[in-house]
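Subject: Structure for you to look at

Hello,

Here is the structure I said I would pass on. Please open it beside this note; what I found is set out below.

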Amino acid sequence: MEFMGYRRADGKVAVRNHVLVIPSVVCSQGAAEAITRNVKGTVYLPNVFGCAQVGPDREQTKRSLVGFGTNPNVYAVLVVGNGCETIGAKELAGAIQSSDKRVEYIEIQDEGGTKKTIARGRKIVKEMLADAAKVQRRPIPVSELILGTECGGSDYTSGLGSNPSVGAASDLMVEAGGTVILSETTELIGAEHLLARRARTSEIGKQVLDLIAWWEKEAIRTGQDIRGANPAPGNIAGGITTLEEKSLGCIYKGGTTTLEEVIPYAFAPSKRGLILMDTPGHDIDQLTGMMAGGCQIAVFTTGRGTPTGSPIAPVIKISANAETCRKMRDNIDINVSQVVQGKETVKAAGKRIFEEIVAVASGKLTKAEKLGQRDFSIFKIGLNF
Amino acid sequence: MAQKSKAIVINENDNVATATVPLKIGTTVSLTTQGLSEKIKLLSSIPMGHKFALVAIPRGSDVIKYGEAIGQTTAPIAKGEHVHVHNVIGHRGRKECA
């Protein structure tokens, strides 16, 4: 099966063709936003980090920003720095450069203030846009897609309808030779034994169990109780009683295929098939990690309803809650509520979702894209100093 | 899975059902569990998406949904009673569980 996408010079494939402006630090976020304002085809990342970071925390923030720059959905990149930050614009641009795309950087201190930075930046992105417009879509095998899966604002319909339906779509994607990322490690707690059992090797199975053990130990170390955040108050109001119940519903998104690999946050999969990325349950941290890992498109199930979208990739919103589909019509792309009502099979809903993935990969805009919803937040693992 | 019923039993090992519509106290719900039709009279009103017990569940027992334990009862739960945070506690993600 094929979709209409973009083939990059390095062989990677894309479903979108954005010119991305990355502020290397929170201080240059305003200038980055101003450069992209009303310039169709450009997007920026609302990055609030990039300074006073050290060690693994600095590395994770850098890797996430570089991962957005190297994502195939991004045609060209302009990095905007201030000039004195920990993760500098030159360093970021250099790390993205290797991926065979045009990458420029400018710094506010060097340009002589905000106005000059914006003017120069707009000139650069307009040149990039002119080049981007020359790239044409062409048929590309679905097997080259990396599909991210996510659930947010879950209620009882997530585990009964939307997550199993996405699972059926995930199975179709893997059958077609493609890749599916399952994540949200904290929302696997209580269901990890089911996933570990499906691992390609016993070593990969052990990695799953070790990850869960780490998160639980980390929560205990901080003296906190995960239940304070998970299940969230909305989950409980929606009928989810415990973290285990939420996790068992959550894990359906990964379908039924063999788990091929476990990867850390914001790393790219090295295998095809079903992959587990270690991320928090936090929706936007998680989405950011998957996109930084090279995922070009995502499916996002919701019960209570969420507006989530990504700056660089389409996010298809799916709900099995009929009331949410009606109330949040401008946010939800696919209604699978008939699965919960017993009027549509999980398999049929999964096929509909898979077909929508192919249509969106070929250029059809999602509701989050039409709304300009561009959520971005990095999973921070250390203090700012 | 019960079709077009007011409640769903997901796995044949489950001891709870999920209401797919809001259900009032005293309502008798017909559903299919372990291949058999069963009628359960509700002892509590059940909000949509919430769970009720298919059988009496003693205090300190596993609550089973999706065929797996989702937590433990903190009070005895009668057949037809609301099963939620007031009478169930999760085993996992708790700071006292080292």
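In chain B, 45% of the contacts between residues at least 6 apart in sequence join residues at least 24 apart. Please keep in mind that this is a predicted model. Chain B has nine strands and zero helices, so that its pattern along the sequence reads β-β-β-β-β-β-β-β-β. Of the 98 residues in chain B, 40% are buried.

The other part concerns chain A, and strand β9(A) in particular, which covers residues 179–182. Which residues of β9(A) are buried on one side, and which on the other? T179(A) and I181(A) are buried on one side, and V180(A) and L182(A) are buried on the other.

One is strand β8(A), residues 146–151, which runs parallel to β9(A) and is joined to it by three bridges. Within that pairing, I146(A) has T179(A) as its bridge partner. The other is strand β11(A), residues 273–277, also parallel, with four bridges to β9(A). Here I181(A) stands opposite I275(A).

Regards

Notes. Residues numbered from 1 in each chain as written. Chains lettered and ligands numbered in written order. Predicted model: local features only at pLDDT ≥ 70, side-chain atom pairs only at ≥ 80, totals over all residues. Buried ≥ 20, exposed ≤ 12 C-beta atoms within 10 Å, placed from the backbone. Helix = DSSP H or I, 4+ residues; strand = E, 2+ residues; numbered from the N terminus. Pairing = 2+ DSSP bridges. Contact = placed C-beta atoms within 7 Å.
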